[in-house]
Amino acid sequence: MDQIIMVGMAEIKVAVSTISNGGEGAVLTALGLGSCVGICAYERYAGVAGLAHVVLPYSAHAGEEPPGKFADTAVPALLMEMQRHGAIASRICVAIAGGAQLFSFGGGAARLEIGARNAQSVIEALKLHRLHVVANDLGGTAGRTLQFFTADGRIRVKTIGRGIVDLVCLGDQNVTLLRAA
């Protein structure tokens, strides 16, 4: 049975597994992605998978916060940790989910749109580090739970009101070829 590894707010977790070991691996899980964005990164050949649970877009004046808290610090930290475990950056495929707008504000108050800002900053940070997003499930008004099966790179999203969707399998040969293009 796969080991469940919880990835809390502002955390980055990396797991190593190979398809050749009988399909066993971990399930990196982020619960309650509302305005937060989960970044799933997978390097198929090394069997290295990582998940960052991003809370806010930018780290300016953040002080001693964990690097996983902000999009601009989470992406390089995730990349570095995956490389430390044998991943090659040019082979990493990424899928992202979250960035919902859970609250609306009445009257004339401007919406904070933290979810949309988080999603945009994650996309910008990934582009800056030349990481390719092959699938996403962003926006909306419902929270999500994200499951990343490290044995094969499969990503499952559970959304309130929509149910369970298998978003993508980052370990699929077609996804790997798409990344190389």
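An open sheet of five strands, in the order β2-β5-β4-β6-β7, has mixed pairing. Here strands (E, at least two residues) and helices (H or I, at least four) are DSSP runs, numbered from the N terminus, and two strands pair if DSSP finds at least two bridges between them. Strands β2 and β7 are the edges, since each pairs on one side only. From one strand to the next the twist averages 15°.

The model is predicted: local features need pLDDT of at least 70, side-chain atom pairs count only at pLDDT 80 or more, and totals for chains, interfaces and linings use all residues. Residues are numbered from 1 along each chain as its sequence is written, and side-chain values use heavy atoms, with hydrogens and water left out. The predictor's confidence in each residue, from 0 to 100, is the pLDDT. Its mean for the protein is 89, and 87% of the residues reach 70 or more. Among the elements, β5 has the highest mean pLDDT (98) and helix α3 (residues 173-180) the lowest (64).

Within the sheet, β4 and β6 are joined by six bridges in the antiparallel sense. In this pairing isoleucine 39 stands opposite isoleucine 96 in β6. Strands of a sheet pair through backbone hydrogen bonds, either parallel or antiparallel.

Two helices lie across these strands. Helix α1 (residues 71-84) lies across β2, β4 and β5 and runs at about 165° to β5. Helix α2 (residues 114-128) lies across β4, β5, β6 and β7, at about 25° to β4. Axes are lines fitted to C-alpha atoms, for helices over the stretch in contact, and angles run from 0 to 180 degrees between N-to-C directions.

Strand β8 (residues 144-149) pairs with β9 in the antiparallel sense over six bridges, and glutamine 147 stands opposite arginine 156 in β9. The two strands form a hairpin with four residues between them, and glycine 153 in the turn has a positive phi of about 85°. Strand β9 is also joined by six bridges to β10 (residues 163-169), again running antiparallel; isoleucine 155 stands opposite valine 168 in β10. This second hairpin has three residues between its strands, and glycine 161 takes a positive phi near 85°.

Buried means under 20% relative accessible area, exposed means over 50%, and partly exposed lies in between (1.4 Å probe, protein chains only). In a regular strand the side chains alternate between the two faces of the sheet.

One aromatic pair is counted. Tyrosine 42 and phenylalanine 148 form this pair, which is edge-to-face, with 6.0 Å centre to centre and 65° between the planes. Rings of Phe, Tyr and Trp (its six-membered ring) pair if their centres lie within 6.5 Å; planes under 30 degrees apart count as stacked, over 60 as edge-to-face and the rest as tilted. The pair links distant parts of the chain, with tyrosine 42 in β4 and phenylalanine 148 in β8, 106 residues apart. Tyrosine 42 counts as buried because its relative accessibility is 1%, and phenylalanine 148 counts as buried at 0%.

Leaving aside neighbours within four places in sequence, histidine 53 is in contact (heavy atoms within 4.5 Å) with residues including Gly8, Ala30 and Gly68. Glycine 8 sits in the loop between β1 (3-6) and β2 (12-16) and is partly exposed, at 26% relative accessible area. The C-alpha atoms of glycine 8 and alanine 30 are separated by 6.2 Å, although the two residues are 22 residues apart along the chain.
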